[in-house]
Amino acid sequence: MTKDGLVAAVLKSARFETKKQARIAVEAVFEAITKSLSRGEEVSIAGFGTFRAVKVKARMGHNPKTGQKIQIPASIRPKFKAGKALKDAVRK
C-alpha cells in the first residue's frame, strides 16, 4: 500500500468528506510520529506497536563493489516493534 492508498482507506474508513481532509489526517499522524522520534521519545500505539529511536554502534563494513573495508559511524535509527494484535492479524 502506498501513501495514496492509505489516504483512500482513511477517507473511506473515517468517512471524511474529502480526500484532502484524509490526506491532512494521515500526514498529521506521520508528522507527530516523526517529531516525537526526533526528540528521542517513544511512540506507543496500543494494539499496533511501538516506534522508538535507537542508537546503533559504529562498526566495520565493506564496500560491495570493491570489497574494501570501511568504518560505518554510530547513528540513531528509527525502529518499530509490532504489537500482539498486529502480529496476530498478520499471521492469519
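**Entry 1**

I began with Arg 59, whose bridge partner in strand E4 is Ile 72. Before going on, I noted that this is a predicted model, where local features need pLDDT of at least 70, side-chain atom pairs count only at pLDDT 80 or more, and totals for chains, interfaces and linings use all residues. Residues are numbered from 1 along each chain as its sequence is written, and side-chain values use heavy atoms, with hydrogens and water left out.

I then looked up how E3 (residues 59-62) and E4 (residues 69-72) are joined: 4 bridges link them, and they run antiparallel. For my own reference, strands (E, at least two residues) and helices (H or I, at least four) are DSSP runs, numbered from the N terminus. Two strands pair if DSSP finds at least two bridges between them. Met 60 stands opposite Gln 71 in E4. Between the two strands of this hairpin there are 6 residues, and Gly 67 takes a positive phi near 80°.

**Entry 2: the three-stranded sheet**

Next I traced the open sheet, which has 3 strands in the order E1-E2-E5 with antiparallel pairing. Its edge strands are E1 (43-45) and E5 (75-82), each pairing on one side only. From one strand to the next, the twist averages 25°. For angles, I kept in mind that axes are lines fitted to C-alpha atoms, for helices over the stretch in contact (heavy atoms within 4.5 Å), and that angles run from 0 to 180 degrees between N-to-C directions.

How many bridges join E1 to E2? I found 3, with E2 covering residues 49-56. Val 43 has Phe 51 as its bridge partner in E2, and Ser 44 has Thr 50. E1 and E2 form a hairpin with 3 residues between them, and Gly 47 in the turn has a positive phi of about 85°. On to E5: 8 bridges join E2 to this strand, and Gly 49 stands opposite Ala 82 there.

**Entry 3: the helices**

I checked H1 next: its 12 residues reach 16 Å from first C-alpha to last, close to the 16 Å expected at 1.5 Å a residue (1.5 Å times one less than the number of residues). Arg 15 follows H1 and has a positive phi, near 60°. H2 lies across E1, E2 and E5, running at about 35° to E2.

**Entry 4: the largest pocket**

Last, I looked up the largest pocket, with a volume of about 190 Å³. A pocket here is an open set of points on a 1 Å grid over the protein atoms alone, where a 1.4 Å probe fits, with protein on both sides within 12 Å along at least five of seven lines; lining residues have an atom within 4 Å of a point. The volume is the space filled by probe spheres set on the points, which are joined across faces, edges and corners.

Which residues line the largest pocket? I listed Leu 6, Val 10, Ala 25, Val 26, Val 29, Phe 30, Ile 33, Phe 48 and Phe 51. H1 (3-14) and H2 (19-38) are the elements giving two or more residues to this lining, and H2 provides the largest share, 5 residues.
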